[in-house]
Amino acid sequence: MKRSTLRKTVLTLAALVAGAGAAMTTTPAQASPTAAAASSKSCVTGAKLVPTCGVLWGAAAGGFTGKPRDEEHKNWEKLSGRTATIFHAYHKGDEKFPTDAEIAMTRDKAHPRVLLLNWRVEYGSTWAAVAAGKQDKRIDAFAARLKSKFTDKFFLVLNHEPEDDVRTDAKSGMTAKDFAKSFRHVIQRLRADGVTNAVSVVAYMGNEKWMARSWWKDLYPGNDVVDWIGLDSYVSAEKNYYHAGKFADLLDRKAKGGQGWYDWATRNHPGKPIMVAEWGAYHRVGQVVDKAAQFNSVLPELAKRPAIKAIVYFDTKKDLFGDRDISVDSAPSSLAAFRKLAANPLFNVTVR
């Protein structure tokens, strides 16, 4: 979530709605036909973490609060009523990760989880520098850490939402083509280093402004290095506000006269699983707006869009500038609708 959409934010779950911290459940109430089909069989993840049925459910919690992300994630699980199978965290540069806390979250037998790790490999340099091998020491150190500490499958996003960082000056080292080359180099370098458990994700903003740019098509790194295609996109529950809409609207943004994001992904890259790697419904801080319509719209859309295999909610009381609330419990009715969504058996997927 960047400045041009819903900037990267902090999460505070200080005030839980009374009674919301109940034990996590997976009640199959109001199951959609798709959910009913999923609940009739055992849904598990495969070699590339693609579910055999159902949809992986996840969350990003506590990103920039300074509080332990694992504890914030668990708090959010209690709030929403379900284990958030995907545990989303962010890293940059030479940070050593997965951290011990992140690894521990995947070893919780009562609540099995899989990591979704964003990594800004180019931090402090440029995409062109990464593509030229100037950050290979950084990449190799990450590979060594994985092989020695963490061999479970996990999702790896490289420089999520690259559109907001693109510069058209060829000398900048940050063109769309530089991004694609950088992504390719990192994945190929990790593979050459013997890393076999990283499932690669390219995560777009899917904003109509960027999709209208001539360079947007140059961002895609190539099917051979991309395992999943991701989208970070949000809607406003507040009418007549920026990007007001429902779940379909965050999937279908397009340039004028162009193709909607979901249609672009499925038609140009058929067979690639899609992850909504960040999503949420927001309103201005201080407004009391019911988000039930947004949350209630999710299951019907998932039933129509079989390529979507994972959705990951980004929850925060305030964004970076303090003006937008993306939390699920900003109103009792919103939380009730979200807990109803979370309880659906469509999300009963076991990580293997």
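Colleague: How many bridges join strand 8 (residues 274–284) to strand 9?

Modeller: This is a predicted model, in which local features need pLDDT of at least 70, side-chain atom pairs count only at pLDDT 80 or more, and totals for chains, interfaces and linings use all residues. Residues are numbered from 1 along each chain as its sequence is written, and side-chain values use heavy atoms, without hydrogens and water. Strands are DSSP runs of E, at least two residues, and helices runs of H or I, at least four, numbered from the N terminus; two strands pair if DSSP finds at least two bridges between them. Strands 8 and 9 run parallel, and the number of bridges joining them is four.

Colleague: Which residue stands opposite Tyr313 in strand 9?

Modeller: Strand 2 (residues 56–60) runs parallel to strand 9, joined by five bridges. The residue opposite Tyr313 is Ala59.

Colleague: Is Tyr313 buried or exposed?

Modeller: Buried means under 20% relative accessible area, exposed over 50%, and partly exposed in between (1.4 Å probe, protein chains only). Six of the seven residues of strand 9 are buried, so the strand is largely enclosed by the rest of the structure. With a relative accessible area of 1%, Tyr313 is buried.

Colleague: Why is the pair of Tyr313 and Phe338 edge-to-face?

Modeller: Rings of Phe, Tyr and Trp (its six-membered ring) pair if their centres lie within 6.5 Å; planes under 30 degrees apart count as stacked, over 60 as edge-to-face and the rest as tilted. The centres of Tyr313 and Phe338 are 5.2 Å apart. The pair is edge-to-face because the planes are at 65°.
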